[in-house]
Amino acid sequence: MAFRKDFLWGGATAANQCEGAFDENGKGLANVDLCPVGDDRQAIITGQKKMFDFDKEHFYPAKNSIDMYHRYKEDIALFAEMGFKVYRFSIAWTRIFPNGDESKPNEAGLKFYENLIDECHKYNIEPLITITHFDFPMHLVHEYGGWRNRKIVDFYQNLVTAIFTRFKGKVKYYLTFNEINVILAASFMGAGLYFEEGEDINKVRAQAIHHELLASAYATKIAHEIDPEIKIGCMLAAGTYYPATCKPEDVFAAQKYNRDNYFFVDVQSRGYYPSYKLKEYELSGIMPEMHEEDEKILRENTVDFISFSYYTTRTISSDASNFDESNLVDTVDNPYLGKTEWGWQIDPLGFRTTINEIWDRYQKPLFVVENGLGAKDTPNENGYVEDDYRIAYLRDHIKNMKDTVEVDGVDLLGYTTWGPIDLVSAGTGEMSKRYGFIYVDRDDYGNGSLDRSKKKSFDWYKKVIASNGEDLD
Ligand code: P53
């Protein structure tokens with residue numbers, strides 16, 4: 001058997017993309033609540049355009065999402081029916097600390113997540129918690145300017161202390177920041193950062209990144225003090241950069257892009273800033289302010305495992321690059337690969353390459369916490385979705401993941417597909433970009449019954465899990 005006996009199969013969601021109930025039981029307003037669907041979304045999530053309040057012209061999908069806040073029991077029962085061993089979900093910071101800077105947590109928020117955790121345990125599903133998945137209290141944006149401010153490190157410590165204390169003995173796996181490198185592309189959605197006219201964006205960003213890396217290390221320290229059983233992971237939006245050709249300039253450019261991403265994990269896993277990043281900061285005059293104790297905190301509190309999302313590889317040319325808005329990255333077309341309806345290139349072997357690259361670099365247990373196909377689904381006259389395209393995508397990717405274990409010898413803890421139930425897209429805010437095994441009746445503007453129904457892929461994934469990845473047909 002390729003996968004370990006206790007391999008953790010399951011699915012992953014994020015609070016703002018599925019919960020809804022954006023103002024219930026004391027929840028405060030978050031950056032992600034304010035990201036509308038439609039043309040302005042890109043400018044808002046990247047921090048170029050301010051959206052600090054709801055207006056009448058836009059539709060804000062996170063307000064209600066798929067209403068999982070009220071339907072989590074039904075949804076977890078469906079996950080259990082598929083045989084999930086793990087369910088990855090995130091905590092909305094603003095449910096626990098509505099403003100972010102309070103001294104005491106909101107009991108209703110902790111209780112909600114405790115119920116969710118208990119519901120998982122009812123079915124022997126291991127909860128895997130993302131502490132922050134693009135989620136940031138708006139009060140901290142207004143009063144402190146987001147992660148650029150070092151005070152946020154303290155508030156984050158309050159958040160994790162409340163979480164680790166309350167869920168002690170119930171939760172073993174935590175991730176500190178979802179796709180920490182997304183701050184490079186989508187600074188507002190990723191870190192509550194927006195930029196003023198004339199501000200040095202790279203400098204502000206470098207400082208914010210330092211604070212997040214520090215907060216992540218503190219979280220690891222606090223977790224291990226509160227409960228030595230806890231395993232902390234970092235989380236990277238992965239996907240190797242290929243050079244467009246064997247031209248040395250292209251190869252060099254690809255190396256640079258890869259380093260810009262791996263830099264985060266270099267710090268979180270090795271415990272210190274890599275020389276290439278220190279030099280870059282120094283030479284461009286944007287070295288972040290660091291306190292004396294930071295070096296020790298980073299060094300002594302490295303992560304226990306490394307998690308990442310994988311959707312595609314990217315291709316870089318030294319001659320031209322264009323920012324691919326749907327995928328939030330610089331990339332040129334790879335002529336050897338096909339594309340999804342949203343233009344993401346499909347590269348199952350690239351998954352294997354990426355996993356191997358991360359394993360070679362860090363030599364710590366790996367966890368694939370996102371992978372999947374965003375596609376339009378059309379239910380037939382019986383309301384059934386025959387998503388053979390999704391099954392094909394997942395099959396090809398799981399096959400390659402299997403090779404990394406069976407042929408390449410990687411230590412892999414588990415695999416959670418993105419959006420096992422249809423949810424709101426982070427990149428576009430659309431509902432129609434679906435990833436699920438479970439169909440949710442809702443459109444891009446909030447119309448629909450919110451009823452759940454099983455797609456063809458539901459039974460397929462169930463079989464995959466039951467056979468521990470042996471039966472992929
Ligand atoms: P959507 C960009 C590039 C890679 C991963 O994305 C990304 C993004 C942001 O869109 O996000 C992750 O919904 C993220 C999830 C997100 C998922 O990928 O745009 O962790 O929140 O939903 C898929 O299709």
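Student: Which ligand atom does the side chain of Trp 418 lie 3.2 Å from?
Tutor: An oxygen: a polar side-chain atom of Trp 418 is 3.2 Å from it. That's a polar contact, meaning a pair of N or O atoms within 3.5 Å. Keep in mind that this is a predicted model, where local features need pLDDT of at least 70, side-chain atom pairs count only at pLDDT 80 or more, and totals for chains, interfaces and linings use all residues. Residues are numbered from 1 along each chain as its sequence is written, and side-chain values use heavy atoms, with hydrogens and water left out.

Student: OK, and what's 2.8 Å from a ligand oxygen in His 133?
Tutor: An N or O atom of the His 133 side chain. For Gly 427, a polar backbone atom is 2.8 Å from an oxygen of the ligand.

Student: How much of the ligand's accessible area does the protein cover?
Tutor: 98% of the 470 Å² that the ligand has on its own, by the Shrake-Rupley method with a 1.4 Å probe.

Student: New topic: why is strand β7 largely enclosed?
Tutor: Five of the five residues in β7 (residues 305–309) are buried, so the rest of the structure largely encloses it. Buried means under 20% relative accessible area (1.4 Å probe, protein chains only). Strands are DSSP runs of E, at least two residues, numbered from the N terminus.

Student: Which strands does β7 join by bridges?
Tutor: Strand β5 (residues 231–237) runs parallel to β7, with five bridges, and β13 (residues 366–370) is also parallel to β7, with four bridges. Ser 309 in β7 is the bridge partner of Ala 237, while Ser 307 stands opposite Phe 367 in β13.

Definitions and conventions. Polar contact = N/O pair within 3.5 Å; in protein donor to acceptor, adjacent residues only side chain to side chain. Buried < 20%, exposed > 50% of the residue type's maximum accessible area, 1.4 Å probe, protein only. Pairing = 2+ DSSP bridges.
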